[in-house]
Amino acid sequence: MIKYLKTSLHLAKLQSIRILRDPVGTIILFGLPMILLIVSGAFTTNTDSLSLNTALVNESNHEISFAVAEALESVGMLKIIADAQAQDEAQVFDEAAVSGETPAAAIEYALDYALERALERLRNGDLDVVIHLPKDFGSVSAMNEGLPGGNIELYIDETRGQTGDIARSILNGIILELNQAIIGVQMPLNLVQRSVLGDGVMPISIVFTFFSALGLFMMGVFGAATLLPMDRKTGALRRLHAMPLSGGQLLIGTMLSFGILALFLLAVMTATAVLAFRMPLPENLVLYGFFALVSTVMLLGLGFAISGISKSPSQADVYGQIVFFASLALGGVWVPQSFFPDILKAISRFIPLTPVIDGFQNILHRGPGFTDLLPQFGVIGLWILICYTIGVKTFRWE
Amino acid sequence: MPKSATSTPTSQYMVEVHELTKSYGSVQAVRGISFNVERGEIFGILGPNGAGKTTTLEILEALRKSDGGMALVAGYDVSLNPEEVKRSIGVQIQSANFFDKVRLQELLGFALSVYQVRGMTPYQLLERVQLQDKARSYPEQLSGGQLQRFSIAMAIAHSPELLFLDEPTTGLDPQARRNTWELIKNLRNEGITIVLTTHYMDEAEDLCDRIAIMDQGKIIALDTPEKLVQGLLDSGFTKTREIRPATLDDVFIQLTGKELRD
Ligand SMILES: Nc1ncnc2c1ncn2[C@@H]1O[C@H](COP(=O)(O)OP(=O)(O)OP(=O)(O)O)[C@@H](O)[C@H]1O
Ligand SMILES: [Mg+2]
């Protein structure tokens with residue numbers, strides 16, 4: 001038994017050496033999850049200091065427009081890098097008019113031109129949003145029952161993700177406050193946003209959970225899935241088979257090498273998230289480690305099953321990609337799960353990736369005990385059974 | 001090591017094959033062959049492509065299951081005790097790669113550990129096949145001749161009593177071939193029994209104590225090289241071409257020298 005394991009360990013060493021000496025594999029299996037974590041991590045921790053480059057074009061001379069401008073300037077998230085305001089321009093032009101150089105009508109032209117220029121810069125990606133207060137903004141009209149009214153025009157570029165949503169919600173907040181000030185009444189209905197994950201949850205732990213699960217997943221469906229078919233093709237497995245080495249030893253050795261590398265990757269990712277992005281360390285480290293181990297065994301098993309049913313390395317690659325992208329799709333990466341029909345929702349709960357992400361999220365956010373994770377352990381256990389059964393049944397040396 | 005009652009390594013022969021058969025689908029690769037290999041001899045299997053040489057070796061190496069017949073290798077029945085057979089023999093496989101990106105010394109280290117060999121180092125094994133300066137190379141960086149020598153090093157890591165070599169000199173230049181012959185003879189002189197296949201008649205003549213000629217899955221002749229030739233002459237055969245005291249092979253060696261080139 002000890003000799004059996006010793007040989008498996010030695011094989012695990014050889015397999016690890018091979019994986020690490022392959023630059024392409026190393027970049028994909030280790031570099032990619034790390035890069036994704038770092039890039040997204042940098043983004044999430046910056047949401048507090050996230051700033052949208054904003055241009056404010058205020059053509060109105062009504063008092064309420066100054067209040068809007070002031071409110072906008074006080075919002076940290078909007079960085080007003082260009083502004084053209086009628087009152088400022090008026091001042092400049094008034095001074096000019098005194099010296100008898102420019103007619104005051106030029107102000108209007110200059111502001112029109114300011115809007116044009118701002119929109120051009122928005123199109124170039126130089127600006128994130130353009131806020132325009134038209135000339136009549138804030139004018140008192142009978143339609144408004146004698147109160148100042150008007151539209152704030154928000155220009156956005158839809159191709160640039162969520163910047164439009166963020167700007168809109170900021171402006172909505174400003175408008176709500178100003179409306180209350182104008183009417184002099186507190187609005188009866190209000191919206192307060194709360195997170196189910198609890199108030200202490202930082203976006204980094206969500207990002208971390210997702211990408212670390214992805215890293216383990218890739219180690220299985222891209223790493224473990226293709227190595228054995230490749231060795232079968234080159235005849236390397238036949239050579240091993242000529243030695244007194246059992247299929248079990250080959251399996252243990254190979255899975256062990258990927259397993260150690262996967263857990264090492266997870267450790268590095270955890271350290272990065274904690275140290276660089278101030279993610280709180282999971283309270284229950286033992287449970288975290290154990291859950292990671294069981295998840296890794298399952299995801300590598302998935303790769304093992306794929307390696308068994310594939311006739312060639314390229315076929316294994318294709319199967320791996322199908323499983324990978326299907327899991328991401330069902331995991332709600334492209335279309336949120338809330339848009340799924342019920343049947344898809346049910347399926348998505350039982351794909352291998354879901355319990356891993358759920359489990360990690362629970363451990364990081366709620367600090368659960370072992371029993372709280374039983375549903376996840378159940379699904380993972382089922383997949384371990386399925387994958388290794390398929391893998392063992394389809395295993396061959398050549 | 002547990003030994004089953006039916007097979008103890010006390011057989012008179014190193015290899016005993018009786019009515020062995022093997023088919024791949026409709027292809028009958030081996031059709032009921034029988035032969036024995038004596039302890040300490042070099043036994044050659046000759047035959048055209050597809051004759052069934054590799055298939056026969058693979059059955060004896062416990063890499064492949066036969067359909068019928070019986071084979072005792074180093075005293076063990078290959079179908080009953082494949083594990084013991086594998087421990088007793090060294091195998092050099094025709095056209096199979098080693099793990100890539102693993103150094104020769106690491107691969108040999110692994111072989112030594114699988115067979116639980118003590119008191120032997122990868123370096124000593126490399127020395128035996130004159131590859132000591134390639135210890136840190138990867139197998140994919142070796143020339144054809146070096147690779148063949150390395151596979152022999154891997155095959156003898158555990159000092160087996162029986163060595164199977166499948167076309168050990170195919171694709172090698174004359175120097176490398178002769179060098180491999182020397183290596184094989186040295187191994188035989190150490191008491192290792194060798195079963196090899198080859199397409200080269202000069203090789204069979206130079207190396208083998210006895211030869212089996214296979215064709216279409218059957219052994220059609222089996223004897224010492226001398227007796228096979230004598231038998232042919234006795235049947236009234238005369239060569240049409242004049243026999244020269246030297247061959248082109250000798251010319252090549254004379255011109256390019258005997259040392260290894262790679
Ligand atoms: N894995 C296999 N699947 C199906 N048929 C096979 C397989 N291996 C060998 N054969 C067939 O069995 C027959 C014998 O093949 P084998 O490899 O034993 O011949 P060989 O004497 O070693 O030939 P060579 O000199 O070319 O190495 C051939 O007809 C071959 O096509
Ligand atoms: Mg062959």
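This is a predicted model: local features need pLDDT of at least 70, side-chain atom pairs count only at pLDDT 80 or more; totals for chains, interfaces and linings use all residues.

Modeller: A residue counts as buried when its relative accessible area is under 20%, computed with a 1.4 Å probe and with the protein chains only. By that criterion, 45% of the 398 residues of chain A are buried.

As to secondary structure, chain A contains 14 helices and 6 strands. Its radius of gyration is 30 Å, whereas the globule rule gives 21 Å for 398 residues; the value for chain A is well over that figure, so the chain is more spread out than a compact globule. Along the principal axes, the C-alpha atoms of chain A fill a box of roughly 100 × 45 × 40 Å. When contacts in chain A between residues at least 6 apart in sequence are considered, 76% of them join residues at least 24 apart.

Charge is the next aspect. Chain A carries 33 negative and 24 positive side chains, and a distance of 30 Å separates the centres of these two sets.

For the complex, the predictor reports a pTM of 0.79 and an ipTM of 0.87. In chain B the mean pLDDT is 89, with 94% of the residues at 70 or more. Residues 1-8 of chain B, however, have pLDDT below 50, and this stretch makes 12 contacts in the model beyond near neighbours in sequence.

How values were computed
Residues are numbered from 1 along each chain as its sequence is written. Chains are lettered from A and ligands numbered from 1 in the order in which they are written. Side-chain values use heavy atoms; hydrogens and water are left out. Helices (H or I, at least four residues) and strands (E, at least two) are DSSP runs, numbered from the N terminus. The radius of gyration is taken over C-alpha atoms; the globule rule is 2.2 Å times the number of residues to the power 0.38. Buried means under 20% relative accessible area, exposed over 50%, partly exposed in between (1.4 Å probe, protein chains only). Contact means heavy atoms within 4.5 Å. Lys and Arg count as positive and Asp and Glu as negative; His and the chain ends are not counted. The place of a charge is taken as NZ of Lys, CZ of Arg, CG of Asp or CD of Glu. pLDDT is the predictor's confidence in each residue, from 0 to 100.
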